[in-house]
Amino acid sequence: MKKIVPVLMTMLLVLSMAGCGKKDGFGATMKTYFFSYKVNSAYVCAEYEGYQPAEGNQLLVAEVTIKNTFDEEIEMYDTDFQAQWGGEGEDDYSMPITWNGTEEGLDTVSADQLPAIYALAKGESKTGLLIFEVPEGKVDLSISYMEEFSDNTTGDTFFVNFTAETR
């Protein structure tokens, strides 16, 4: 019995650490410190509104709904979210196609796309597209968000895992 207790304690510790990353699928609402979000749908394609990805990539087009649940207006960035596909090491993620290394970002390619920077009033919701370049053939993907606070600490990381449709 004494050997079982340490094994159970170790398993509980591992499970509790794994619980820091919250996961779910389409339509599930992820509740962060600042806002809630859900991925309504997602698909991969070879081009979107004339935008073509780099060779070896395809586009992930995901419709998301974000609602400000904080007690004041918040500034949002499309780069708050990452697309991930796993299994290839540390570089198995991408930022939205508007990311160019500056705060302003690049222009959107569609009126349906979330802008690089936007404000959400207290209680306000916004639905729009996040578009990422991901490796060709990848359909088992996730969109993640990691809580970051003004004191440079981080909170939970949230993952919405899904299998994207191919169009």
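In which strand is the place of Ser-36? Ser-36 has its place in strand E3, where strands (E, at least two residues) and helices (H or I, at least four) are DSSP runs numbered from the N terminus.

This is a predicted model, in which local features need pLDDT of at least 70 and side-chain atom pairs count only at pLDDT 80 or more, while totals for chains, interfaces and linings use all residues. Residues are numbered from 1 along each chain as its sequence is written, and side-chain values use heavy atoms, with hydrogens and water left out.

**The chain as a whole**

The secondary structure of the chain comes to one helix and 12 strands, and from the N terminus on the elements run α-β-β-β-β-β-β-β-β-β-β-β-β. Of its 167 residues, 38% count as buried, a word that stands for under 20% relative accessible area, with exposed for over 50% and partly exposed for what lies in between (1.4 Å probe, protein chains only). The chain exposes about 9800 Å², of which carbon and sulfur atoms supply 51%; such areas come from the Shrake-Rupley method with a 1.4 Å probe, and for residues only the protein chains shown count as cover. Among contacts (heavy atoms within 4.5 Å) with a separation of 6 or more, 63% are between residues 24 or more positions apart.

| Residue | Relative accessible area | Class |
|---|---|---|
| Ser-36 | 11% | buried |
| Glu-165 | 43% | partly exposed |
| Glu-49 | 55% | exposed |
| Asn-152 | 74% | exposed |

Ser-36 counts as buried because its relative accessible area is 11%, and, not counting residues up to four places away in sequence, Ser-36 touches Thr-29, Met-30, Lys-31, Thr-65, Ile-66, Lys-67 and Thr-69.

Glu-49 is found in the loop between strand E3 (35-45) and strand E4 (57-68), and its phi is near 50°, a positive value in a residue other than glycine. Asn-152 lies in the loop between strand E10 (140-148) and strand E11 (154-163); phi of Asn-152 is near 65°, again positive in a residue other than glycine.

Glu-165 belongs to strand E12 (residues 165-166).
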